[in-house]
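Welcome! Here is a short briefing on the salt bridges of one protein model. Have a look at the structure first, and then we can go through it together.

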Amino acid sequence: MQKLFSTLAATALVSSLALAFPVHAANGLPVVQEAPLRAHLAFLSNDLLEGRGTGQRGADLTVAYLETQAQMAGLQPVRGNSFRQSVQIAGVKSLPADSSLQALAGGKAVPLAFGQDWVWATGDSVAAHTFDAPLVFVGYGITAPEELWNDFKGSDVKGKIVVMMVNDPQPTAAEPSRFAGKALTYYGRWTYKFEEAQRQGAAGVLLIHTKPSASYAWSVVQNSWSGSERFQLAGRTAGTPLQGWITEEAARRLFTAGGQDLDALRAQAENKDFKAVALDAKLSGEMKSTVRKVEQFNIAGMVPGTDPALKDEAVIYSGHWDHLGMQGRDDEKAGDTIYNGAVDNASGTAGLLAMAQAAVKKPAKRTQIFLWVAAEEQGLLGSAAYAADPLWPLNKTAAALNLDSLNFVGATHDIGAQGSERTELGAIAATVAKSMGMHIAAARPDLAGGYFRSDHFSFAKAGVPAFSINGGREYILDVEASKAKAAAYGPRYHQVTDEYDASWDLSGMTQQAQFTLNLGQAVANGAKMPAWKAGDAFGKARAQAK
């Protein structure tokens, strides 16, 4: 009887997977194989690579592995004879014990403990800065002409420290769709806040943290800013001299001492007529940091197109190879200090390698570029460096399809394509999914701004239609157990426990890689390059792309 049940289960598995994996070879499409994907995943997440940390030995080992594997797969260098693209990075570490930076309000010091109440770092890779700069509350710190919104109107914040909220103005009964309603727009991301402050000439930025507005607890900010080395692109447009965060409770104390009511000002900042408010407060003293220069590398290889005209256009498949590396000593007292990043993102890195191995066997009309980018965990630095110095002209780049944290649970009936609806890629993705016996996963409100937090966004900002392909949620087998397995990953995210498990069912991961390659092939063989939907803010950059 047990043998009968095993046979029935195996039959059900084969039947279910047949729905998800039609025979691609029959219709001329390259087939992604699970075996190489699993092998790459197991190696990339092994302790030998020490968590693939930016600026660490594990990063050098990873780059050497990727360029070797790209060459073995049969890819060709995109520029010159090298698979490497240099990414110049500055490593910055704050030195609060050596700094005298303090907040003064009403002429008196307001005690703020680094890590507990606030965190800060240099944003321009300069090791020492001296401040005597007034504080100005600028609401959300947003300049959005299409929303008729300007938090800086009538104010000159040059040389000042701007204090602002994260997220963006909330919808109202009169304007339920302003700033995309409940969904987070790029104006709400902390990265935008720092960029806009720099454009306004501010000397620094302090973001007021709340868990609802940031979508994560203060501990996440602490872990990223307290004691850890942070990285920023070197040789590019510098940020403000000071960048930092302050807790809501500490901000409340600072505002009260500076003669203002934080809650009242935040309420005012929900209106278009809000104007920046100067506090009777300033930052004074010296801020010190250690700064070092680090060279990291993107790895890029291509499958040249076959069409005499269309081969000058390209589709990019991307994924970041880095994770958090080693933090501390790996000994009995310290315990496990290697952040292996098996799911995030050895999975996407391995998926691209398996896809490349398949793609070289069946080239498309347009060129296909496989791009493994550096330092995503440090703020999309590798993809930003590529967008600033593209190996292929951006105005001849048809699409950028990104893989970040693949489905390690099992095959699904659906596939995630959040963000594809911004462009004609959405319709193409739906057609490809249908051809594979799947459908596009139902859209969810992007409350945490997920579209702006992965490497595809660097391409979208530069005008290239781009999104990340995510795993589905409608599992084919053992539905409840699969959902529980997926949910259990949450506590492992960015922890030392994100490790490879040889018992993982990689059918979903292979399915996700296959869908991405099929979609890329559909774009690479299409009559024209996909366009942005009319009115999309990022589509405006297409005409100015290099």
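Is lysine 282 buried, partly exposed or exposed? With a relative accessible area of 31%, lysine 282 is partly exposed. Please keep in mind that this is a predicted model. Across the whole structure, a search finds 19 salt bridges. Side chains of opposite charge can pair when their charged atoms come close.

**Aspartate 132 and lysine 282**
- These two side chains form a salt bridge, with N and O 2.9 Å apart.
- The pair connects distant parts of the chain, since aspartate 132 sits in strand 6 (residues 128-137) and lysine 282 in strand 13 (residues 277-303), 150 residues apart.
- Aspartate 132 is exposed, at a relative accessible area of 54%.

**Glutamate 67 and arginine 84**
- The closest N and O atoms of this salt bridge are 2.7 Å apart.
- Arginine 84 is partly exposed, with 32% relative accessibility.

**Arginine 266 and glutamate 248**
- Here, too, there is a salt bridge, and its closest N and O atoms are 2.7 Å apart.
- Because arginine 266 lies in helix 8 (residues 262-268) and glutamate 248 in helix 7 (residues 248-257), the pair ties together parts 18 residues apart in sequence.
- Arginine 266 has 15% relative accessibility and counts as buried, while glutamate 248, at 27%, counts as partly exposed.

Key: Residues numbered from 1 in each chain as written. Predicted model: local features only at pLDDT ≥ 70, side-chain atom pairs only at ≥ 80, totals over all residues. Heavy atoms only, no water. Salt bridge = Lys/Arg side-chain N within 4 Å of Asp/Glu carboxyl O. Buried < 20%, exposed > 50% of the residue type's maximum accessible area, 1.4 Å probe, protein only. Helix = DSSP H or I, 4+ residues; strand = E, 2+ residues; numbered from the N terminus.
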